[in-house]
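This report is meant to be read with the coordinates open beside it. It begins with the ligand and its surroundings and then turns to individual residues of the chain.

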Amino acid sequence: MDSIEQLARLLTESKDTLVLTGAGVSTESGIPDFRSPGTGLWSQMDPMELLSRSALSRNPAEFWRRSEPIFRQMASSQPNKGHYALAQLEKRGLVRGIVTQNIDSLHQRAGSNCVLEVHGHLRTASCPHCGAEREMLPLLDQVASGDNPPRCNCGGIFRPNVVLYGDTLPDAFQRAFQWARVCDLLLVVGSSLEVAPVCWLAPTASRLAIINLGETQCDEIASVLIRGKAGEVLNSLLEFA
Ligand code: APR
């Protein structure tokens, strides 16, 4: 039995399957991941310099100027066949939910209903002073037109509702950990599992399966390990599960 059939069997035997996704599930939508050699975002810039709390407070205009094209690309991307396959697995009752490190909202746009965003999302930005929330795209247009940094009517500077390096993790992370502890199977798709504490979810689950192009920190504890493209593998999985 090949590894996709093995994974399909684990899925159908599991009574409670949780999926953990990373940037690798969105590369087929044209969004670069972070650590793929040569193409990952972090091979072109320092994450601590770009998406960190200190970078935003030190120079908010520079933060927004540099992140605007990245945020715009994510916000204007479309779900790919991997996102749709995961939504289909949820519809079939084979996946309880998705914990995602991604901020692109592509799982929801593909039809997944139960999605925990442990690194936040790009749909809106908030004012740290008065709590006002705004849709992200008009703020990105403001920044692109030179009206930067984008300010709230109260004078505060908007910050995206994503988890920046240096931020504390949202409550969604605690729930993700609770889910990982009780699930029968955790399926990791498109993550290097390099970033703590999200990567700690993998060894927490009673059984682990991984679909990833590159090596991950948890390969040797996976019951099933598939080196392949998320879209192709997940769609083949649909034929067996
Ligand atoms: N199919 C399967 N795997 C893929 C694909 C694909 N089409 N494209 C890339 N990959 C794999 C890469 O080999 C890599 O191992 O996806 C993994 C993505 O890993 P990272 O780039 O480290 O992304 P991720 O694990 O999501 O990073 C976690 O780090 O910088 C932070 O906040 C950022 O949420 C991000 C977190």
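In this predicted model, an oxygen atom of the ligand is placed 2.8 Å from a polar backbone atom of Ala-23. Two further contacts of this kind are listed with it in the table.

| Residue | Part of the residue | Distance to an oxygen atom of the ligand |
|---|---|---|
| Ala-23 | polar backbone atom | 2.8 Å |
| Trp-42 | N or O atom in the side chain | 2.8 Å |
| Gly-214 | backbone N or O atom | 2.9 Å |

On its own the ligand has 730 Å² of accessible area, and the protein covers 93% of this. The space that the ligand takes is the largest pocket. How many residues surround the ligand, and which are the closest? The ligand is surrounded by 23 residues, and the closest of them are Glu-28, Arg-35, Tyr-165, Ser-191 and Ser-192. Sorted by class, this shell is made up of 12 polar, 7 nonpolar and 4 charged residues.

Thr-216 belongs to the loop that runs between strand E8 (208-211) and strand E9 (224-226). Is this residue, Thr-216, buried or exposed? Its relative accessible area is 10%, which is under the 20% limit, so Thr-216 counts as buried. The side chain of Thr-216 takes part in two polar contacts described here: one of its polar atoms lies 3.0 Å from the backbone nitrogen of Cys-218, and a contact of 2.7 Å joins the side chain of Thr-216 to that of Asp-219.

**Cis peptide bonds**

Asn-148 and Pro-149 are joined by a cis peptide bond, for which omega is about 5°. Pro-149 is part of the loop between helix H7 (136-144) and strand E6 (159-162). A cis peptide bond also leads from Ala-196 to Pro-197, with omega near 0°, and the loop that holds Pro-197 lies between strand E7 (185-189) and helix H9 (201-204).

**Positive phi angles**

The loop between E7 and H9 also contains Leu-193, a residue that is not a glycine and yet has a positive phi of about 55°. Leu-193 is buried because its relative accessible area, 2%, falls under 20%. Ser-105, likewise not a glycine, has a positive phi of about 60°, and is placed in the loop between strand E2 (97-100) and helix H6 (106-110). With a relative accessibility of 9%, which is under the 20% cut-off, Ser-105 therefore counts as buried.

Where does Val-115 lie? Val-115 is part of strand E3, which takes in residues 115-117. The relative accessible area of Val-115 is 17%, and because this value is under 20%, Val-115 is classed as buried. Val-115 and Val-19 are 96 residues apart along the chain, while their C-alpha atoms are separated by 9.5 Å.

Methods. Residues numbered from 1 in each chain as written. Predicted model: local features only at pLDDT ≥ 70, side-chain atom pairs only at ≥ 80, totals over all residues. Heavy atoms only, no water. Near = heavy atom within 4 Å. Polar contact = N/O pair within 3.5 Å; in protein donor to acceptor, adjacent residues only side chain to side chain. Areas by Shrake-Rupley, 256 points an atom, 1.4 Å probe, with all protein chains shown as cover. 1 Å grid on protein atoms, 1.4 Å probe; cavity = no way out; pocket = protein on both sides within 12 Å on 5 of 7 lines; lining within 4 Å. Sits in = over half its atoms within 2 Å of the grid points. Nonpolar A, V, L, I, M, F, W, Y, C, P; charged D, E, K, R; others polar. Helix = DSSP H or I, 4+ residues; strand = E, 2+ residues; numbered from the N terminus. Buried < 20%, exposed > 50% of the residue type's maximum accessible area, 1.4 Å probe, protein only.
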